[in-house]
Amino acid sequence: MNLIKLTSVAAMPLALASLAALVTPTLHAAPVPDDAAGIIKTAKGSVTIERAGRKSAGAEGAIVQASDRIITGADGSAGIALRDETRMALGPNTTLAMEHFAFNTTTHEGRLDASVRRGTLAVISGKIAKQSPTAVKFSTPSTVLGVRGTEFVIDVEGDGE
Amino acid sequence: MIGPLIFIACLAAAIAQHNAAPRERITLLPGADGKPGAVVVATAKGETVLDQPYRSAQVGGNAAVTMVTEPESAVRQRYAPVLAALPKAAAVFTVYFETNTEDLVPESAARFAQIRDELARRPAPEVIVIGHTDRVDTTAYNDALSLKRAERVKQLLVEAGIAADSIAVAGRGEREPAVHTTDGQAEVRNRRVEIRVR
């Protein structure tokens with residue numbers, strides 16, 4: 001089930017945009033490709049995705065990859081759902097760096113590493129943490145958090161990067 | 001001689017000031033399922049476990065950790081903007097199968113209209129169809145059967161008007177029974193497919 005690879009990840013936002021433009025009686029949803037980490041569910045104000053040095057708008061429906069940075073401005077906030085149903089929200093002036101994501105839909109084994117450089121991040125842990133709690137790590141400039149299946153908020157003051 | 005003393009006094013004051021406001025704060029919230037969770041906070045100075053709701057580990061400039069418990073209202077107010085941005089939990093619809101078949105029990109078919117409605121309500125919606133089996137037969141057989149059941153439900157969703165390329169399928173085999181049984185036991189409540197709209 002995890003063998004399907006999308007040939008062009010870059011084409012995804014385009015594909016989503018054209019899907020949204022279609023007006024048909026058929027209901028469309030957008031599954032996240034098996035090689036991606038998740039999807040932006042809600043975006044308010046300034047939300048930017050940085051991928052390999054390139055910036056794009058973090059709009060509703062944008063795919064989040066396993067090594068993206070998501071950055072919100074002073075008026076920004078964003079809600080992200082990962083494939084294992086980890087749910088996250090970035091408050092204003094926040095930088096979240098995704099570092100690693102893997103999830104097997106049959107066994108629920110996987111790994112999630114992410115770090116908060118500045119700002120606020122709310123997290124509701126998902127299926128990876130339920131299957132193997134030591135496989136989920138969030139870090140901040142001075143801490144590493146081990147998640148034991150739960151809901152929490154990370155708050156990092158200052159300018160960060 | 002007075003210069004260095006003033007400098008030291010200022011430095012001490014600056015450090016005290018710096019430490020007064022936490023630079024980082026990790027706050028545990030109660031889980032939506034009511035189960036107590038926990039977060040292990042590791043710093044250069046050691047590990048601390050957060051396992052009470054609305055308790056925070058506050059990390060100062062010197063990496064020292066202070067534990068603080070606050071009223072729920074203070075935490076909810078401080079983090080209102082970020083908590084409001086959390087995506088909704090998945091809506092879960094479950095349909096059941098006759099033994100060793102891909103045929104739904106009749107009452108399960110009625111769920112499809114509700115699934116369409118839920119899908120239309122959500123931002124950037126996803127549909128994930130996950131098959132499960134009971135513990136009759138082997139793990140490998142059940143992995144294949146659970147995936148076949150999920151594919152069958154995907155077909156039904158397509159017939160109900162949901163685009164085929166927008167549905168992801170997975171098979172969990174017998175790993176996640178709704179009801180625990182001994183191996184080899186037939187159990188209708190475990191022969192099911194979850195349709196998760198998120």
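Chain A has an average pLDDT of 85, with 80% of its residues scoring at least 70; pLDDT is the predictor's confidence in each residue, from 0 to 100. In residues 1-24 of chain A the pLDDT falls below 50, and this stretch has 20 contacts in the model beyond near neighbours in sequence. A contact is counted if the C-beta atoms of two residues, placed from the backbone, lie within 7 Å. The model is predicted: local features need pLDDT of at least 70, side-chain atom pairs count only at pLDDT 80 or more, and totals for chains, interfaces and linings use all residues. Residues are numbered from 1 along each chain as its sequence is written, while chains are lettered from A and ligands numbered from 1 in the order in which they are written.

Between the two chains, the contact takes 48 residues from chain A and 47 residues from chain B. On the side of chain B that touches chain A, two or more residues each come from β1 (24-29), β2 (39-43), α3 (80-84), α4 (112-121) and β8 (167-171) of chain B. Helices (H or I, at least four residues) and strands (E, at least two) are DSSP runs, numbered from the N terminus. The most is given by β1(B), with six residues. This side of chain B comprises 31 nonpolar, eight polar and eight charged residues; Ala, Val, Leu, Ile, Met, Phe, Trp, Tyr, Cys and Pro count as nonpolar, Asp, Glu, Lys and Arg as charged, and the others, Gly among them, as polar.

Strand β12 of chain A (residues 151-156) runs antiparallel to β1(B), joined to it by six bridges; pairing requires that DSSP finds at least two bridges between two strands. E151(A) has L29(B) as its bridge partner in β1(B).
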